[in-house]
Amino acid sequence: MTAPLNILVCGASIAGPALAYWLQRAGHQVTVVERSAEFRRGGQNVDVRGPGRVVLRDMGLESRVLAAGTGEAGLRFVDDEGAVLAEFPAGNGDSDGPTAEAEILRGELSRLLIEAGGPGVEYVFGDYVTALTQDGDRVTVDFANGGRRQFDVVAVAEGTRSRTRDLAFDDRIRFRDLGMYTAYGTIPRTRGDDDWWRWYNAPGGRAITLRPDNVGTTRVTLSFMSSPRGYEDMDPGDQRGALRRRFAGAGWETARILDALDSDAELYVDQMTQVFAPRWSADRVVLVGDAAWCATPLSGMGTTLAITGAYVLAGELARHGDHRQEFLAYEHRMRPLVSRAQTLPPGTPRLAHPKSRVGVAVFRTALRLSRSAPVRFVADRLDFDSADDKFELPQYDVGRR
């Protein structure tokens, strides 16, 4: 066990609170800073598989996550009338099927992770880092609200476009645009909504999904193929207008969804972009989660990587006594798993978002027959074992239960 450190974690979504939990269990002093003014309760369905499930088990959270599940029965592809073309029932294990056994809303998982840290973790909401100065032994951190503090280590657990990461890393972070946007929102549940995740395709490279939750609403995504257009930076009114233009005449339940999203404060539009950082540490600043390796939701491994990476980083910090060795060991262990998760099936996401009417018809026929490249794409997309079956979760003495 190394000497206790004073550690700042930037970001309070999934990777940040998971890291804070393990750091405080190892005896470190931990502060988590989050740009949002308060805890973010919203978010879409996420799942935890493979090594991530093992970490949750070691945290004593597995049963609580399962109890807070969305109740999703599996995935159904539907046509214009809502008729089922093909279905993939939920898995019974920790890595089976499109819907994992541990399927939960992002905000609910975040809450459980934060609560697990207990009073030993200091959370600061409504603030963020504006400057990082490293002098060899410490990191001096300036905050937007005017404060200045010193830490032994700063862990950046923010998203794809992390601003804190850019303060410490002068390397050229590589971004891979997947040519797709997705808008996420929450709409009122109706009698027609059931416990299945429903996926509908429309011409123009468009797809709509409706997913159940366990709080009486329905989670929706609107995805469309597009080159970068800056939709993610628009104000909400302009985003809603852009979605109406993009999905005009798409059919199925589009009109209901767009009308409901007009008053949805939780609308979030994201460009599907992977992150490739040439290194995950810069002296005493280290990256974890999407800021280091975003694989996008298309990988199905984002939450699992965040929880697993947080555990490995905290574990390595307890082993070597020198932060440089610790960060290199963490990166060495996680890189292979991250690389496999970032390697998406060929044709992703274009294959599941056909542009022409003929393409949509062919895709639907393939789904009905359950044979062909599109269905193999679906099977590959939903076979998460391939990303983590070779990963052996290390055992660390960091307060495991």
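Biologist: What share of the contacts with a separation of 6 or more comes from residues 24 or more positions apart?

Modeller: This is a predicted model. Contact here means heavy atoms within 4.5 Å. Residues 24 or more positions apart account for 74% of the protein's contacts with a separation of 6 or more. The secondary structure consists of 13 helices and 18 strands.

Biologist: How does the radius of gyration agree with that of a compact globule?

Modeller: A compact globule of 401 residues would have a radius of gyration near 21 Å, and the protein has 21 Å, which agrees. Along the principal axes, the C-alpha atoms fill a box of roughly 65 × 40 × 40 Å. Of the 401 residues, 58% are buried.

Biologist: Which residues have a positive phi although they are not glycine?

Modeller: Most residues other than glycine have a negative phi. Asp-283, however, has a positive phi of about 55°, and Thr-296 has one of about 75°. Asp-283 lies in the loop between strands S17 (281–282) and S18 (285–287), while Thr-296 is in the loop between helices H8 (290–293) and H9 (302–317).

Biologist: Is Thr-296 buried or exposed?

Modeller: Buried means under 20% relative accessible area. Thr-296 has 5% relative accessibility, so it counts as buried. Asp-283 has 29% and therefore counts as partly exposed.

Biologist: Where is a cis peptide bond found?

Modeller: Most peptide bonds are trans. A cis bond joins Thr-348 and Pro-349, with omega about -5°. Pro-349 belongs to the loop between helix H10 (323–342) and helix H11 (357–369).

Methods: Residues are numbered from 1 along each chain as its sequence is written. This is a predicted model: local features need pLDDT of at least 70, side-chain atom pairs count only at pLDDT 80 or more; totals for chains, interfaces and linings use all residues. Side-chain values use heavy atoms; hydrogens and water are left out. Helices (H or I, at least four residues) and strands (E, at least two) are DSSP runs, numbered from the N terminus. Buried means under 20% relative accessible area, exposed over 50%, partly exposed in between (1.4 Å probe, protein chains only). The radius of gyration is taken over C-alpha atoms; the globule rule is 2.2 Å times the number of residues to the power 0.38.
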